[in-house]
Amino acid sequence: MSESQEASSPVAGIGGPAACVTKVELRVSCKSLLDRDTLNKSDPCVMLMVQAQGQWTELDRTEVIKSNLNPVFAKVLLLDYYFEEVQKLRFEVYDIHGTHSIGTRDDDFLGGVECTLGQIVAQKKMVKPLLLKYGKYAGKSTITIHAEEISGNNGYVELSFCAKKLDDKDLFSKSDPFLEIYRVNDDGTEQLVHRTEVIKNNLNPVWEPFKVSLISLCSCDEDRKLKCLVWDYDSRGKHDFIGEFYATFKEMQKVSGGNKVTWECVNPKYKLKKKNYKNSGLVILTDLKLHRLYSFLDYIMGGCQIHFTVAIDFTASNGDPRNSCSLHYINPYQPNEYLKALIAVGEICQDYDSDKRFSALGFGARIPPNYEVSHDFAINFNPDDDECEEIQGVVEAYQNCLPKIQLYGPTNVAPIINRIAKQAAGKEPIKDASRYHILLILTDGVVTDMADTREAIVRASYQPLSIIIVGVGNADFTDMQILDGDDGVLRSPKGEPVLRDIVQFVPFRDFKTASPAALAKCVLAEVPKQVVEYFSHKVIPPMCPVLDSTPNSIANTPD
């Protein structure tokens with residue numbers, strides 16, 4: 001058995017205000033579908049539509065099941081679930097005729113239903129009647145939709161099955177076998193997990209490897225019973241039963257070092273009637289690859305520390321701090337924009353740093369004692385220890401610093417980015433998920449050293465670092481958008497792309513009338529994803545295994 005780690009979408013943003021994103025799997029089945037075919041039964045397929053800006057677009061569709069009015073579809077429909085959004089969905093069922101495209105004829109349409117993803121998630125299992133056009137019921141047709149969340153401590157497994165000496169069910173040729181795996185739920189019901197492809201005319205089939213999430217396979221309970229059925233395919237939908245066996249994921253994990261796991265495929269009727277009956281063949285698991293899916297919270301709960309650094313623009317364009325029009329003016333009754341942004345972001349980040357000490361740097365000012373221009377100085381004027389106690393300590397250092405410096409220029413931020421990237425890299429190669437860095441840059445204008453900044457960001461994208469830039473004041477920040485990779489891939493002047501998008505730029509003026517939480521939510525929204533992307537790229541799991549309340553959960557098995 002081999003195992004690797006992969007990253008999931010973040011399950012939560014930092015500190016609550018950020019968006020909560022979860023992957024949800026939908027499985028679909030139908031009952032009592034209308035029969036549109038004259039000679040055979042309908043060949044149904046379900047199309048999943050999503051609504052965006054009032055328009056319905058196809059997101060995914062199931063496989064086509066031949067000649068079946070009560071289909072159970074094996075294809076999993078995967079969606080991102082956003083708690084704070086209304087996500088409208090529409091499921092449309094069609095009878096597929098050969099290569100005809102869906103919806104080309106009215107009689108292809110077997111019914112549809114509209115709902116929201118939130119409704120499905122809340123109910124976990126939703127049964128709805130199918131409706132034809134103009135709200136008319138499609139007979140007694142219903143659609144059932146099961147929702148399962150792929151949680152942070154979940155993952156997926158890749159399984160490789162083959163079989164030997166299966167019973168021959170065909171008169172003039174050999175059987176056309178396929179395998180179905182069902183999860184047996186706590187209430188005794190069975191949920192289809194996977195259906196393999198059909199191997200034509202072969203009593204010793206080797207099925208293609210397939211991937212399935214652990215939550216779908218066994219609800220992350222390795223002792224949960226799995227019912228496995230082998231069938232001989234029939235194009236009319238009347239498949240012949242070959243045999244069955246029961247397994248658990250715990251048994252499957254015995255595949256390792258070339259060892260295989262074998263089950264006897266048994267037909268219960270034959271076992272009762274035939275004296276010398278042994279089995280209807282053997283089903284063999286030849287390989288199992290376990291892939292862990294880790295979320296942002298897995299890394300945080302595993303002990304990853306978020307090191308927060310703030311870099312403040314002290315260039316002359318901010319205005320004289322003694323003047324009330326200055327962006328650096330200290331108003332005893334109301335914090336300026338620099339302080340508002342610093343406090344909004346810093347107060348969230350400080351919850352993820354155990355020592356609550358933060359580096360506070362400045363750039364673009366003449367500093368004592370020689371009053372030479374510096375683009376990388378500690379605002380507490382201690383070059384050996386630039387850290388301040390908690391966010392309040394950063395605020396005090398900022399206020400104490402202003403009377404001692406001369407605002408100057410230009411606006412060069414590459415030196416500070418290079419400095420923090422070097423700190424993030426550390427002296428030794430990064431081997432665990434113990435730390436991640438966030439650099440908050442507060443500036444009142446477009447950076448002067450754009451080429452050097454782009455180069456610095458490309459280099460920094462290989463380190464455990466995210467950069468947040470907040471534009472303070474009313475300057476034209478159009479050119480700063482180039483640093484935020486949302487509209488394309490940021491490249492160095494030589495054309496080298498960033499390894500991953502690590503920069504988020506936000507103008508503070510967009511949040512002047514909003515709450516501090518709104519600013520924090522916006523600027524920190526991408527950080528969880530960036531954390532997971534970094535450690536995923538390095539194939540580094542959380543430091544501690546993620547525990548689950550279920551005694552035999554997969555999460556409790558050591559990596």
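## Pockets, ion pairs and backbone geometry

The largest pocket holds about 890 Å³ of space. This is a predicted model, in which local features need pLDDT of at least 70 and side-chain atom pairs count only at pLDDT 80 or more, while totals for chains, interfaces and linings use all residues. Residues are numbered from 1 along each chain as its sequence is written, and side-chain values use heavy atoms, with hydrogens and water left out.

**Chain overview**

- The protein chain contains 11 helices and 27 strands, where helices (H or I, at least four residues) and strands (E, at least two) are DSSP runs numbered from the N terminus.
- Of the 559 residues in the protein chain, 52% are buried; buried means under 20% relative accessible area, exposed over 50%, and partly exposed in between, with a 1.4 Å probe and protein chains only.
- Among contacts in the protein chain with a separation of 6 or more, 71% involve residues 24 or more positions apart, a contact being heavy atoms within 4.5 Å.

**Largest pocket**

- A pocket is an open set of points on a 1 Å grid over the protein atoms alone, where a 1.4 Å probe fits, with protein on both sides within 12 Å along at least five of seven lines; lining residues have an atom within 4 Å of a point.
- Grid points are joined across faces, edges and corners, and a volume is the space filled by probe spheres set on the points.
- The lining of the largest pocket comprises 38 residues, with Glu63, Ala74, Lys75, His194 and Arg195 nearest its centre.
- Two or more lining residues of the largest pocket come from each of β2 (21–31), β10 (155–164), β11 (177–184), β12 (190–195) and β13 (210–213).
- By class, this lining has 18 nonpolar, 10 polar and 10 charged residues; Ala, Val, Leu, Ile, Met, Phe, Trp, Tyr, Cys and Pro count as nonpolar, Asp, Glu, Lys and Arg as charged, and the others, Gly among them, as polar.

**Second largest pocket**

- The volume of the second largest pocket is about 730 Å³.
- Its lining has 30 residues, and Lys124, Lys125, His146, Ala147 and Gln191 are the closest to its centre.
- The elements giving two or more residues to this lining are β2, β8 (125–131), β9 (137–150), β11 and β12, and β2 provides the largest share, seven residues.
- The lining of the second largest pocket divides into 12 nonpolar, nine polar and nine charged residues.

**Salt bridges**

- The count of salt bridges is 21, each being a side-chain nitrogen of Lys or Arg within 4 Å of a carboxyl oxygen of Asp or Glu.
- Glu63 and Arg195 form a salt bridge at 3.3 Å, N to O. Glu63 lies in the loop between β4 (55–61) and β5 (77–82) and Arg195 in strand β12, so the pair ties together parts that are 132 residues apart in sequence.
- Glu63 is partly exposed at 24% relative accessibility, and Arg195 is partly exposed at 22%.
- Asp376 and Arg419 form a salt bridge, with their closest N and O atoms 2.5 Å apart. This pair links distant parts of the chain, since Asp376 is in the loop between β21 (372–374) and β22 (377–378) and Arg419 is in helix α8 (residues 414–425), 43 residues apart.
- Arg322 and Asp320 also meet in a salt bridge, at 2.9 Å, N to O; Arg322 is exposed, with a relative accessible area of 73%, whereas Asp320 is partly exposed at 38%.

**Backbone geometry**

- Most residues other than glycine have a negative phi, and most peptide bonds are trans.
- The peptide bond from Pro368 to Pro369 is cis, with omega near 5°, and Pro369 lies in the loop between β20 (365–367) and β21.
- Gly409 and Pro410 are joined by a cis peptide bond with omega about 0°; Pro410 is in the loop between β24 (406–407) and α8.
- Ser32, which is not a glycine, has a positive phi of about 55° and is located in the loop between β2 and β3 (44–52).
- Glu390, also not a glycine, has a positive phi of about 60° and is found in helix α7 (residues 390–401).
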